[in-house]
Structures are given as structure tokens and as C-alpha cells.
Amino acid sequence: MKIAFLTGVLLLLFSTAAAMADETVTVGGSRAALIRPAAVRASVILLPGGDGAINVGDHGDIHGLLGNQLVRTRNAYAARGLAVLVADYGTDLKAAVDYMAAIKRPVTVIATSRGTLRAAQGIAGGARPDALVLTSGFLSQESGSSSNVMSILGSPSALPRTLVIHHTNDACKFTLPAGVDPFIKWSGGRARVRWLSGGAEQSDPCEARGHHGFNGLDGQVVGLAAGFR
């Protein structure tokens with residue numbers, strides 16, 4: 001009886017893993033990690049922060065930025081029926097959006113920290129996702145950096161429907177909470193914000209294990225981002 005039960009559990013785990021197996025794909029000139037659930041409801045493209053180098057292996061295995069908030073939660077998006085592309089820093093966003101649109105629309109780009117700059121650069125270069133989520137973003141001059149989403153886009157005309165997710169206590173000097181309101185006003189109604197609080201500050205203010213990386217709040221971030229499209 002116990003053997004049959006354990007066998008059933010193992011088969012269930014195997015089938016779940018097989019249904020959400022990671023694979024390496026080449027998109028927009030670079031390798032990326034793709035997770036494709038058996039039944040896909042929509043697609044997301046994850047743009048990590050930092051230098052963006054996720055160092056993808058041959059089987060969808062990621063060896064860089066493992067602590068990054070988007071990288072560490074990638075399977076949680078797939079578990080919600082979303083096809084997930086974790087993009088490397090060199091991935092052309094327009095090509096990535098087109099690639100994921102061929103799998104399933106709508107396509108939402110979810111970017112965090114310096115990844116929000118790469119999202120803006122991709123949109124300025126012609127990428128047209130159906131929606132955009134900016135977490136801990138370099139949003140405006142008031143965020144703390146002269147290079148920000150507003151300065152890159154220049155005008156909100158190309159901005160898709162956008163959700164900003166920000167921590168009330170983000171102390172990173174490039175993503176200060178003061179930068180959120182100017183961005184929302186600049187967007188002309190295209191963007192709205194969801195503030196989060198709590199969690200734990202256990203690292204440098206600009207690192208993944210601090211409020212900047214929503215440490216302890218992964219479920220809330222995934223819930224908000226995955227539901228926005």
C-alpha cells in the first residue's frame with residue numbers, strides 16, 4: 001500500500017515537472033530560458049535586474065542572478081498557467097515579444113530594478129507588449145538616476161498598460177519611492193501603482209534580499225504581476 005502510494009506521488013511529481021520542463025531557446029540574438037506549461041493561458045517575459053546576465057545552460061538551467069526576485073519566482077508564474085521566458089541582458093525585446101506572442105497572447109513584460117531600463121529601451125526600439133509591470137523601477141529623475149524609464153521613452157505614447165509595484169521602504173538610491181508619483185502622473189493614465197510593505201531587509205538596500213527585492217513578499221508580487229494583463 002505504501003509502495004503504491006509513493007509510486008503515485010513520484011509519478012505525479014514527474015508528470016508535473018515534465019509539463020513545466022525548462023528549455024533553452026535562442027531569441028533575439030541570445031539564449032533565454034523558457035518554461036511552457038501544458039495548458040498556457042498567457043505569456044510573460046521576465047527581465048531581471050543587475051547586469052541581466054542569467055547564464056543559461058543547455059536545458060533551461062539558469063546559473064546567474066539566482067537570487068533575483070524574478071529569477072527565483074519564475075516557476076511560480078508557470079504554475080499559474082503562464083508561458084515564461086526569462087530573458088538574458090542581450091535579448092532583443094521586440095523579438096522576444098513576437099516569440100512569446102506566437103505561443104500565447106497576451107504578452108506581459110515584467111521587469112525589475114535595472115531590468116526596467118532594458119524594458120524601456122526595448123519599447124523605445126519597437127517592442128509592443130500587451131502590458132508592462134515595473135517592480136522596484138528606475139522610473140523618473142526622482143527615483144535617483146538620470147537614466148530612467150521616463151528619460152528613455154521621452155513620451156508616454158508608446159507605454160502599454162502599466163502596473164508599478166513598489167515597496168514603501170525601498171532604500172535603494174536608484175529606485176526611491178519618491179520616483180513613483182512623478183512617473184504615474186507622466187504616464188497620463190497609462191500606469192497605476194500597487195504599494196507593498198513588510199518583508200525583511202537582509203542585504204544591501206539595492207540587492208535582492210532587501211525591500212528592494214521584496215524579500216519575504218514573493219507571493220504578493222507574483223500574484224499582482226501575474227494577474228495584470
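Guide: A search of the whole structure finds one disulfide, the term denoting a pair of cysteine sulfur atoms within 2.5 Å. The disulfide is formed by Cys172 and Cys206, whose sulfur atoms lie 2.1 Å apart. Because the torsion about their S-S bond is about 95 degrees, this disulfide is right-handed. The pair links distant parts of the chain, 34 residues apart: Cys172 belongs to the loop between β7 (161-167) and α7 (180-186), and Cys206 to the loop between β8 and α8 (218-226). Helices (H or I, at least four residues) and strands (E, at least two) are DSSP runs, numbered from the N terminus. With a relative accessible area of 2%, Cys172 is buried, whereas Cys206, at 25%, counts as partly exposed. Here buried means under 20% relative accessible area, exposed over 50%, and partly exposed in between (1.4 Å probe, protein chains only).

This is a predicted model, in which local features need pLDDT of at least 70 and side-chain atom pairs count only at pLDDT 80 or more, while totals for chains, interfaces and linings use all residues. Residues are numbered from 1 along each chain as its sequence is written, and side-chain values use heavy atoms, with hydrogens and water left out. The average pLDDT of the protein is 92, and 91% of the residues score at least 70; pLDDT is the predictor's confidence in each residue, from 0 to 100. Over residues 1-19 pLDDT stays under 50, and the model has three contacts beyond four places in sequence for them, a contact meaning heavy atoms within 4.5 Å.

As for the fold, eight strands form an open sheet of mixed pairing, in the order β1-β2-β4-β3-β5-β6-β7-β8. β1 (22-27) and β8 (191-196) stand at the edges with a single partner strand each, so one side of each has no neighbour in the sheet. Two strands pair if DSSP finds at least two bridges between them. Strands β3 (residues 42-47) and β4 (residues 82-86) run parallel and are joined by five bridges; Leu46 has Val86 in β4 as its bridge partner. Helix α4 (residues 93-103) packs on the sheet, where it touches β1, β2 (30-35), β3, β4 and β5 (107-112).

Helix α5 (residues 115-124) is largely enclosed by the rest of the structure, because seven of its 10 residues are buried. Among them are Leu117, Ala120 and Ile123. The buried residues of α5 pack against β3, α4, β5, β6 (131-135) and α6 (149-153).

Conventions: Axes are lines fitted to C-alpha atoms, for helices over the stretch in contact, and angles run from 0 to 180 degrees between N-to-C directions.
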